Amino acid sequence: QVQLVESGGGLVQAGGSLRLSCAASGRTFSSYAMAWFRQAPGKEREFVAAISWAGYTTYYTDSVKGRFTISRDNAKNTVYLQMNSLKPEDTAVYYCAALQGTLYRSSYDSASKYEYWGQGTQVTVSS
């Protein structure tokens, strides 16, 4: 079992930055690939970024490439999402998710592959 708790959301002006954190419980955090998804009001949950268990491989959705960076610290059981140059369309609830084992190119963006989810943290970007 892995429990995930997100933090770091808030209200920011367009062009600003936020860093989200996701703290995981459990001794096997380093064996899990991690990801961030987001869900805006009235929209489906969408993939944002993912990182392999060792941190060597990362994936991003096109709309955040060059602006967001996912990283992890296995010693602290924490994954981060640094968000720069935020836009109003980034407004959403952001969720952390965990997948035990390997990230595959064919499925890293599929929410159904992730076994554990946090409760979400709200990010609001004003124009």
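Predicted model: local features only at pLDDT ≥ 70, side-chain atom pairs only at ≥ 80, totals over all residues.
Trainee: What makes Arg38 and Glu46 a salt bridge?
Mentor: Their side chains come to 2.6 Å, N to O. The cut-off is within 4 Å, so the pair qualifies.

Trainee: How do you know that Arg38 is buried or exposed?
Mentor: Its relative accessibility is 5%. Buried means under 20%, so Arg38 counts as buried.

Trainee: And why is Glu46 called partly exposed?
Mentor: Glu46 has a relative accessible area of 35%. That falls between 20% and 50%, so the label is partly exposed.

Trainee: What makes Asp90 and Arg38 a salt bridge?
Mentor: The N to O distance is 3.0 Å. The rule asks for within 4 Å, so this pair counts too. The pair links distant parts of the chain: Asp90 sits in the loop between β8 and β9, Arg38 in strand β4, 52 residues apart.

Trainee: Why is Asp90 called buried?
Mentor: Asp90 has a relative accessible area of 1%. The limit is under 20%, so Asp90 is buried.

Trainee: Which residue does Asp90 also pair with, at 2.8 Å?
Mentor: Arg67; the closest N and O atoms are 2.8 Å apart.

Trainee: How do you know whether Arg67 is buried or exposed?
Mentor: Its relative accessible area is 10%. That is under 20%, so Arg67 is buried.

Trainee: What links Arg38, Glu46, Arg67 and Asp90?
Mentor: A network of salt bridges. By the rule, the count comes to four salt bridges.

Definitions and conventions:
Residues numbered from 1 in each chain as written. Heavy atoms only, no water. Buried < 20%, exposed > 50% of the residue type's maximum accessible area, 1.4 Å probe, protein only. Helix = DSSP H or I, 4+ residues; strand = E, 2+ residues; numbered from the N terminus.
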